[in-house]
Amino acid sequence: MSTHSYKFDVKMTCSGCSGAVERALKKAESDGVNSFTVSLEKQEVLVTGTIPYDTLLEKIKKTGKEVRSGETVS
């Protein structure tokens with residue numbers, strides 16, 4: 001399975017919000033998340049891994065945060 005990079009615009013208003021997304025991505029490492037960066041300032045989540053886009057999107061949405069957009073960047 002090939003590795004992809006994904007970029008999501010996620011509405012996060014505080015460190016608790018970004019922490020929730022980070023915890024969800026940490027749990028998703030067993031599903032194929034290799035690395036991730038969550039930026040509260042940029043409202044951005046960058047993920048690299050073999051996890052399918054739709055699976056990753058669902059995991060981020062389950063945190064209750066609004067995902068305004070998402071794309072595969074490579």
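Mentor: A word on ground rules: residues are numbered from 1 along each chain as its sequence is written, and side-chain values use heavy atoms, with hydrogens and water left out. As the model is predicted, local features need pLDDT of at least 70 and side-chain atom pairs count only at pLDDT 80 or more, while totals for chains, interfaces and linings use all residues.

Trainee: What makes Cys-17 buried or exposed?

Mentor: Buried means under 20% relative accessible area, exposed means over 50%, and partly exposed lies in between (1.4 Å probe, protein chains only). Cys-17 has 10% relative accessibility, so it counts as buried. Cys-14 has 35%, so that residue is partly exposed.

Trainee: How do you know which class Gln-43 belongs to?

Mentor: Its relative accessible area is 18%, so Gln-43 is buried. Gln-43 lies in the loop between strand 2 and strand 3; helices (H or I, at least four residues) and strands (E, at least two) are DSSP runs, numbered from the N terminus.

Trainee: What makes the link between Gln-43 and Arg-68 a polar contact?

Mentor: A polar contact is a pair of N or O atoms within 3.5 Å; within protein, one must be able to donate a hydrogen and the other to accept it, and residues adjacent in sequence count only if both atoms are side-chain atoms. The side chains of Gln-43 and Arg-68 make such a contact at 3.0 Å. Using contact in the sense of heavy atoms within 4.5 Å, Gln-43 also touches Phe-8, Asp-9, Val-10, Lys-11 and Met-12, leaving aside residues up to four places away in sequence.

Trainee: How do you know that strand 2 and strand 3 pair?

Mentor: Two strands pair if DSSP finds at least two bridges between them. Strand 2 (residues 33-39) and strand 3 (residues 44-49) have 6 bridges, in the antiparallel sense. Thr-37 stands opposite Leu-46 in strand 3. The two strands form a hairpin with 4 residues between them, and Gln-43 in the turn has a positive phi of about 60°.

Trainee: What makes a set of residues the largest nonpolar core here?

Mentor: A nonpolar core is a set of buried Ala, Val, Leu, Ile, Met, Phe, Trp, Tyr and Cys residues joined through side-chain atoms within 4.5 Å. The largest has 17 residues, and Phe-8, Val-10, Leu-25, Val-45, Leu-56 and Ile-60 touch the most other members. Strand 1 (4-10), helix 1 (15-27), strand 2, strand 3 and helix 2 (53-61) each supply at least two residues.

Trainee: How do you know that helix 1 is close to its expected span?

Mentor: The expected span is 1.5 Å times one less than the number of residues. Helix 1 has 13 residues and reaches 18 Å from first C-alpha to last, close to the 18 Å expected. Its buried residues include Val-21 and Leu-25, and their cover includes strand 1 and helix 2.

Trainee: Why is Phe-36 called partly exposed?

Mentor: Phe-36, in strand 2, has 24% relative accessibility, so it counts as partly exposed. Among the residues that Phe-36 touches are Glu-22, Leu-25 and Leu-46.
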